[in-house]
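The sequence and the model come first.

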Amino acid sequence: VSSLVAYDIYREYFNPEATGKQILFVSRIVIVVFGLLMGILSIFLDWLGLNLGWVYLFMGCVIGSAVIPLWNLMTWDKASAK
């Protein structure tokens with residue numbers, strides 16, 4: 001996440017002439033902020049009574065619903081460049 005933000009967002013849009021030290025600083029800030037946000041999210045999910053079992057079930061439902069459309073996309077003749 002930190003490399004994505006530092007290189008693809010900060011260097012691309014905010015400071016194209018950023019030095020290595022500036023990119024490293026932004027990367028470290030992003031690591032701290034992302035860690036704090038994920039900690040807050042985990043506390044909130046625990047407060048709601050949602051544990052990792054619920055999270056895994058939810059992920060399975062969300063990701064599982066995309067399996068058939070992706071399979072159809074990969075096997076459909078008209079979807080290829082041929």
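## Start of helix 3

Is L52 buried or exposed? L52 is exposed, because its relative accessible area is 54%; exposed means over 50%, buried under 20%, and partly exposed in between, with a 1.4 Å probe and protein chains only. L52 belongs to helix 3, residues 52-64. Helices here are DSSP runs of H or I with at least four residues, numbered from the N terminus. Between L52 and S42, which lie 10 residues apart along the chain, the C-alpha separation is 9.8 Å.

## Basis of the model

The model is predicted: local features need pLDDT of at least 70 and side-chain atom pairs count only at pLDDT 80 or more, whereas totals for chains, interfaces and linings use all residues. Residues are numbered from 1 along each chain as its sequence is written, and side-chain values use heavy atoms, with hydrogens and water left out.

## Helix 1 and helix 2

Helix 1 covers residues 2-14 and packs against helix 2 at an angle of about 130°, with 8 Å between the axes. Axes are lines fitted to C-alpha atoms, for helices over the stretch in contact, and angles run from 0 to 180 degrees between N-to-C directions. The two helices are therefore oblique to each other; angles under 35 degrees count as roughly parallel, over 145 as roughly antiparallel, 65 to 115 as roughly perpendicular, and the rest as oblique.

D8 sits in helix 1 and is partly exposed, with a relative accessible area of 44%. From D8 to T75, 67 residues along the chain, the C-alpha atoms are 33 Å apart. V26 lies in helix 2 and is buried, at 14% relative accessible area.

## Nonpolar surface patch

A nonpolar patch on the surface includes V1, F25, I29, F34, M38, F44 and W47, among others, and the patch has about 1200 Å² of accessible area together. Patch residues have over 30% relative accessible area and no salt bridge; like charges are joined within 9 Å, and nonpolar side chains (Val, Leu, Ile, Met, Phe, Trp, Tyr) within 5 Å. A salt bridge is a side-chain nitrogen of Lys or Arg within 4 Å of a carboxyl oxygen of Asp or Glu. Accessible areas come from the Shrake-Rupley method with a 1.4 Å probe, and for residues only the protein chains shown count as cover.

W47 is placed in helix 2, residues 20-48. W47 is exposed, with a relative accessible area of 67%.
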